[in-house]
Structures are given as C-alpha cells and as structure tokens.
Amino acid sequence: MILADEAASARLGAAIAARLRPGDVIALQGPLGAGKTTLARAILVALGLEGEAPSPTFAIVQPYDPPAVRLPVCHVDLYRLDGPEDAEELGLDDALIDGVLLVEWPERMGARLWPEALVLAIAPEADGHRSLTATVPAPWEERWPPQ
C-alpha cells in the first residue's frame with residue numbers, strides 16, 4: 001500500500017480505528033521519521049481524540065480513556081527500551097483486557113510481541129511517499145485491508 005501524504009495516513013488511520021476491537025494490538029514498524037506517530041495520531045483522532053496527541057517517546061506509555069476516545073487506548077513507544085525484558089515491566093497485557101495498544105518500535109519486544117498483532121511496516125520512499133506493508137494475523141483477516 002502506498003501512502004502518498006499525511007491525508008492518506010489520516011484516511012488509513014480512520015479506517016483502522018473503525019475496525020478496532022478490545023484486545024487489538026497495532027504494531028508500527030519503521031525507521032525514524034517513517035510516519036509511525038503520524039499514523040498512530042490519525043487512529044487516535046478517528047477514535048475521538050480532540051487536540052494534539054503527544055508522542056510517547058519520553059513517557060513510553062500514553063494512555064487515553066473514554067470519553068476522550070471510543071475505547072481505551074495505550075499509545076506506546078518502545079524506542080528507549082534496553083531490551084525485551086523491559087517491555088514486560090510495562091504491564092501492557094493489562095491494557096488489552098478492554099482496550100487496544102498502538103505500539104511503535106515493536107521490534108524492541110523481540111519474540112514477546114503478541115502473535116495476534118497487526119504489524120504495519122512503514123518505509124519512506126525516495127519520491128516522498130511512504131510504502132506500507134501489513135502482516136495480517138488471523139483476527140484481522142476479515143478486517144484487512146480497511147476500506
């Protein structure tokens with residue numbers, strides 16, 4: 001999938017948000033500046049968030065709860081973690097009971113990434129576009145690609 005601009009990322013974020021269910025994990029991969037946070041913010045806006053969503057780079061976990069959003073969301077940035085064992089200390093599984101996770105830098109979790117996660121790999125292209133490759137697990141097969 002090609003994301004030509006931020007508007008395309010916003011449309012994709014809205015389509016993903018419309019299909020989110022409690023227990024979902026969206027894993028956003030890509031280099032610095034690829035557009036992971038842009039897509040996460042688009043999902044949050046589509047879930048009802050008003051105003052700016054700060055990047056969770058320093059907080060690591062930024063929670064959002066109703067009524068600010070349609071369902072509980074934790075926006076997570078694992079960039080500063082030293083290793084997969086650090087992710088376990090964050091207690092992210094608890095967020096999946098009734099909410100969803102948007103996880104940037106999921107590769108920092110190693111093999112501990114949830115097998116049911118929808119993995120979206122974003123790569124900047126020379127022409128300024130972004131290419132997006134999805135690894136679609138069974139729970140997402142009927143929901144992907146979002147229309």
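Student: Where is W105 placed?

Tutor: W105 is in the loop between β5 (100-104) and β6 (118-124), with helices (H or I, at least four residues) and strands (E, at least two) taken as DSSP runs and numbered from the N terminus. Residues are numbered from 1 along each chain as its sequence is written, and this is a predicted model, in which local features need pLDDT of at least 70, side-chain atom pairs count only at pLDDT 80 or more, and totals for chains, interfaces and linings use all residues. Side-chain values use heavy atoms, with hydrogens and water left out.

Student: Okay, what is phi of W105 near?

Tutor: Phi of W105 is near 60°, which is a positive value in a residue other than glycine.

Student: And is W105 buried or exposed?

Tutor: W105 has a relative accessible area of 11% and is buried, where buried means under 20% relative accessible area, exposed over 50%, and partly exposed in between (1.4 Å probe, protein chains only).

Student: What about I60, where does that sit?

Tutor: I60 lies in the loop between α2 and β3, and although I60 is not a glycine, its phi is positive at about 70°. I60 also counts as buried, at 15% relative accessibility.

Student: Switching to prolines, which peptide bond at P67 is cis?

Tutor: The bond from P66 to P67 is cis, with omega near 10°. P67 is found in the loop between β3 (61-64) and β4 (73-77), and with a relative accessible area of 84% P67 is exposed.

Student: And what is omega near for the bond from W144 to P145?

Tutor: Omega is near 0° there, and that peptide bond is cis as well; P145 has its place in the segment after β7 (130-135).

Student: Now the largest pocket: how much space lies in it?

Tutor: About 160 Å³, the volume being the space filled by probe spheres set on grid points joined across faces, edges and corners. A pocket here is an open set of points on a 1 Å grid over the protein atoms alone, where a 1.4 Å probe fits, with protein on both sides within 12 Å along at least five of seven lines, and lining residues have an atom within 4 Å of a point.

Student: Which residues line the largest pocket?

Tutor: The lining consists of E6, A10, T38, R41, A42, V45, G51, E52 and A53.

Student: Which element gives the largest share of that lining?

Tutor: That is α2, with four residues, while α1 (6-19) and α2 (36-46) each supply at least two.
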